[in-house]
Amino acid sequence: MSVFTPTILICLISIYCSTVLAQNKPKIELANRFNDAVNVSDYLVSEKLDGIRARWDGSRLLTRTGNPIFAPQWFTKDIPKHIFDGELWIARQRFEQTASVVLTHEPGAGWREVKFMLFDLPEFTGAFSERLRMLEVLVQKAKLPHLQVIPQQKLHSKSALMQLLEQVIEDGGEGLMLHHEDALYTPSRSDNVLKLKKHKDAEAIVLAHLPGSGKYQGMMGSIRVQMSNGKVFKIGSGFSDQERLSPPPIGAVITFKYYDLTINGIPKFASYIRQKPSY
C-alpha cells in the first residue's frame, strides 16, 4: 500500500514540476524603461515587435519561462545550433493571432506566417554590436526565410529617437527597443536594454465583470482589477464588442496601458490591451 496520500502526491508533483521549469527557464536579458538621462548615441535602436519572446537553445524553442514551444519540424530543423534570443512574430497588430498559432501544442498551417525575428546571440561574449554582426552572418548562412535579424539603426539625438517613435506608432507599431552597443549580454534587467513607448503598460488580475449600460447593455461594461501592489480599480475602455461579450475570465492576467498615476497610485486613463497568454 502506498504511504502517500493524494494530497502528498499532488504536492510532490507540484514541487517536481516547479523544479523542472526552474531548470529549463532561460536566463534572459530584460529591458528597463527609457529615461531622459540616456545618451541615445550609445545605443542601437530597433522596433519593438509585439510577438512571443522565444529562446532557441540550439535544439528547441522555449518561452521566456522555459516552457517548450511546439513549432513544426520544418520550422526548426535547419536553425543553426546556436543560442538565439528573438520574437516569434507575424506582423504589426496581430499579437493575438501570433499567440494562438505559437502557443498551441498542435502546430498548424498558421506557422507559415510566423517569423523568428532575432535580436541577440547570448552565447557570444562580445559587445552587442559584435553579437549583432555575428548574428547577421549566421542568419545569412542559414538562408531560412522565416529566420531574420531585427533591423537596428544608430541615432544621435533624442529628437531623432522621438521622431522615429512617432513614425513607428503611426505605422501601427508598438514602440522602440534600445540596446547599448558596447554592453555584454547580461541575463538580468538592466539599462543595457531599454524599451520606449508613448504610454506605460502594466499587468493586473481580473477580480470582477461589471455590467454595461446604454450601447453596452447586456455586455460587460468594465472590469475590476488588482495590480501586484494591491491597487484596485476599474478598466472600461480598450475592449472590442466581441471582448465585451466574452471578457477575460475572473483570475486572468491582463495587460493594460496608462499614461500616469494619480496621487493615490491609481493608473490614469487605463485602457485594456489584451489577456496575457498562459505560457
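In what follows, a residue is called buried under 20% relative accessible area, exposed over 50% and partly exposed in between, with a 1.4 Å probe and protein chains only. The structure is a predicted model, in which local features need pLDDT of at least 70 and side-chain atom pairs count only at pLDDT 80 or more, while totals for chains, interfaces and linings use all residues. Residues are numbered from 1 along each chain as its sequence is written, and side-chain values use heavy atoms, with hydrogens and water left out.

A pair of aromatic rings is described by the distance of the centres and the angle of the planes. Here, rings of Phe, Tyr and Trp (its six-membered ring) pair if their centres lie within 6.5 Å, and planes under 30 degrees apart count as stacked, over 60 as edge-to-face and the rest as tilted. Five aromatic pairs are found in the structure. In one of them, the ring centres of Trp74 and Phe75 are 5.6 Å apart and the planes stand at 70 degrees, so this pair is edge-to-face. Phe75 also pairs with Trp111, at 4.9 Å between centres and 65 degrees between planes, so that pair is edge-to-face as well. Helices (H or I, at least four residues) and strands (E, at least two) are DSSP runs, numbered from the N terminus. Together, Trp74, Phe75 and Trp111 are linked by ring pairs into a cluster. Phe75 and Trp111 are both buried, with Phe75 at 0% relative accessibility, while Trp74 is partly exposed at 28%.

Attention now turns to the strands. Five of the seven residues of β12 (residues 220-226) are buried, so this strand is largely enclosed by the rest of the structure. Two strands pair if DSSP finds at least two bridges between them. Strand β11 (residues 200-211) pairs with β12 in the antiparallel sense over six bridges, and Leu210 has Ser222 in β12 as its bridge partner. Strand β13 (residues 232-235) also runs antiparallel to β12, joined by four bridges, and here Val225 stands opposite Phe233 of β13. The hairpin of β12 and β13 has five residues between the strands, and Gly230 in this hairpin takes a positive phi near 95 degrees.
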